[in-house]
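These are my notebook entries on one structure. I went through confidence, sheets, helix packing and the backbone, and I began with the terms for helix pairs.

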Amino acid sequence: MASAEPQGRRPWQAGVITLLNSNSSLTLNPVSDAKVPARDLPPGPSHRGPNYVRIFDQAIERLHAEGRYRVFIDILRNNGAFPNARCFAGHNGPKPITVWCSNDYLAMGQHPKVIAAMEEALHDCGAGSGGTRNIGGNTHYHIELEAELADLHGKEGALLFTSGYVSNDATLSTLAKILPGCVIFSDEFNHASMIAGIRNSGCQKKIWRHNDLTHLEELLAETDREVPKLIAFESVYSMDGDVAPIHAICDLADKYNALTYIDEVHAVGMYGPHGGGITDRDEAAHRITIIEGTLGKAFGAMGGYIAADARIIDVIRSYAPGFIFTTSLSPVLVAGVLASVKHLKASSVERDGQQAAAACLKQMFRDAGLPVMPSVTHIVPLMVGDPVKAKRISDILLAEYGVYVQPINYPTVPRGTERLRFTPGPAHSETMMRKLTEALVEIWSRLEMKLVA
């Protein structure tokens, strides 16, 4: 690349989707043809030194070359008609699509109780929270929701954060700093937010092979028994759809005097008689030191939280910068989540419908010879094994079939395991699943990819 800044289109304008009038289908162009004036960075103090524009351009070009440049689709969901949505792919108006990769697993983001609660809160106290909780005060909705979440998990207290990412990062980094000489034992498939929290803690970490109890015990046994230990893992691993052996991990924690931290973000609302997650289903919540969850998936809104004994909650509340120095969730969102949690504590209809839909889609994929990966949960991953093909399949589904599913590429999954990840819910009909399966079989044939026996 020349050292001078290139004019015209930029690499980050890639992946623009254009709606063609000729056939009302979507065509995904790798680079926009629009001529956009270049925006220079401010000049440096001299002509010598790094070429910042070139560095940024090359970073984006690397993603294109590896087939993992991310394109974020422009859509609006249709209230009351999930999984139907509108795709604003071009300038000729929206196109109807079906969403197959939403983490709003139970469509609670559109439940009448949730919408009504949010509308009531909006008219009762306005849109925003007014700032951080220590300065703006605790909105009463926050107090109610934390009590409801603590009860959901059988804990003394709970603490709300602005997202599941923040709750993991803030809690793990703070906890390890409070415990002198703490060693964290992390499952190798843990989410990026957990990895970030462990890294930001500055403590020693030991990574154990995914769900490998023998390896975990080896690492625990070789560690000084007198130092604080924390075992961090997830209940449902969302890319593979497998589940952690919670009781066996807790047995090792008891044996080696370790604390336990479980991420239940893909399980809360989804499993257990009250929607408390895998720890609820397996009657293991009382054995876990800290349970972390999200409010943005099965509960249908936004936010994250932890549940633990009152002492730990007070420590994190008092020391975690990610809690203290950020504006708290809008009371409108909190009111919606509160209604969602209360509803799912009492209702299993949504959970049962979701599990039935996942089982049905898995069977359809298997019967059609599509390479569906083994999964014991609501996650339905379809193996592709190539980032370019995964993106191509996703593009064809959207452009020609009105089906939206996002490809999952590195670093979310290891290289060579790129996949499509489907999350059928209670509102996905058998007809929708059949049409999806037929579309995938056609695309597999078009791209000369092999079906399985």
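**Entry 1. Terms for a helix pair.** I took each axis as a line fitted to C-alpha atoms, for helices over the stretch in contact, with angles from 0 to 180 degrees between N-to-C directions. Two packed helices are described by the angle between their axes and the distance between the axes.

**Entry 2. H5 against H10.** The model I worked with is a predicted one. I looked up helix H5 (residues 164–178) and helix H10 (residues 310–319), whose axes come within 10 Å and cross at roughly 100°. Angles of 65 to 115 degrees count as roughly perpendicular, so H5 is roughly perpendicular to H10. On the H5 side I listed Thr171, Thr174, Leu175 and Ile178 as the contact residues, and on the H10 side Val315, Ile316 and Tyr319. By class, this contact of H5 with H10 holds five nonpolar, two polar and no charged residues.

**Entry 3. H5 against H6.** The axes of H5 and H6 come within 7 Å, with a crossing of roughly 30°. H5 is therefore roughly parallel to H6, and the crossing is right-handed. H5 contributes Gly164, Tyr165, Asn168, Asp169, Leu172, Ser173, Ala176 and Lys177 to the contact, while H6 contributes Ala192, Ser193, Met194, Ala196, Gly197, Ile198, Asn200 and Ser201. I noted seven nonpolar, seven polar and two charged residues in the contact of H5 with H6.

**Entry 4. H4 against H12.** How far apart are the axes of H4 and H12? For helix H4 (residues 140–153) and helix H12 (residues 331–346) I found the axes 9 Å apart, at an angle of about 30°. H4 and H12 are therefore roughly parallel to each other. Their crossing is left-handed. From H4, the contact takes Tyr141, His142, Glu144, Leu145, Glu148, Leu149, Asp151 and Leu152; from H12, it takes Pro331, Val334, Ala335, Val337, Leu338, Val341, Lys342 and Lys345. I recorded 10 nonpolar, one polar and five charged residues for the contact of H4 with H12.

**Entry 5. The seven-stranded sheet.** I next read the strand order of an open sheet of seven strands, which is E6-E14-E13-E12-E9-E7-E8, with mixed pairing. Which strands stand at its edges? Strand E6 (157–161) and strand E8 (204–208) do, each pairing on one side only. Direction ignored, neighbouring strands of this sheet are turned by 20° against each other on average. Within the sheet, strand E13 (residues 290–294) pairs with strand E14 (residues 304–308) in the antiparallel sense, over four bridges. Gly293 stands opposite Tyr305 in E14.

**Entry 6. The three-stranded sheet.** A further open sheet has three strands in the order E15-E18-E17, and its pairing is antiparallel. Strand E15 (380–383) and strand E17 (407–408) each have a single partner strand, so one side of each is left without a neighbour in the sheet. I counted E15 and strand E18 (residues 419–422) as an antiparallel pair joined by four bridges. Met383 stands opposite Arg419 in E18. Helix H14 (residues 387–401) packs on this sheet, where H14 touches E17 and E18 and makes about 45° with the direction of E18.

**Entry 7. Backbone details.** Where are the cis peptide bonds that I looked up? One joins Phe82 and Pro83, with omega about 15°, and Pro83 lies in the loop between strand E3 (75–77) and strand E4 (84–87). Another runs from Tyr410 to Pro411, with omega near 10°; Pro411 belongs to the loop between E17 and E18. I also noted Ala107, a residue other than glycine with a positive phi, near 60°. Ala107 is in the loop between strand E5 (95–99) and helix H2 (112–125).

**Entry 8. Confidence.** Finally, I checked pLDDT, which averages 90 over the protein, with 89% of the residues scoring at least 70. Over residues 1–37 pLDDT stays under 50, and the model has 79 contacts beyond four places in sequence for this stretch. Where pLDDT is low, the predicted coordinates should not be read in detail.

Methods: Residues are numbered from 1 along each chain as its sequence is written. This is a predicted model: local features need pLDDT of at least 70, side-chain atom pairs count only at pLDDT 80 or more; totals for chains, interfaces and linings use all residues. Side-chain values use heavy atoms; hydrogens and water are left out. Helices (H or I, at least four residues) and strands (E, at least two) are DSSP runs, numbered from the N terminus. Angles under 35 degrees count as roughly parallel, over 145 as roughly antiparallel, 65 to 115 as roughly perpendicular and the rest as oblique. A crossing is left-handed if the near helix is turned anticlockwise from the far one by less than a right angle, and right-handed if clockwise. Contact means heavy atoms within 4.5 Å. Ala, Val, Leu, Ile, Met, Phe, Trp, Tyr, Cys and Pro count as nonpolar, Asp, Glu, Lys and Arg as charged, and the others, Gly among them, as polar. Two strands pair if DSSP finds at least two bridges between them. pLDDT is the predictor's confidence in each residue, from 0 to 100.
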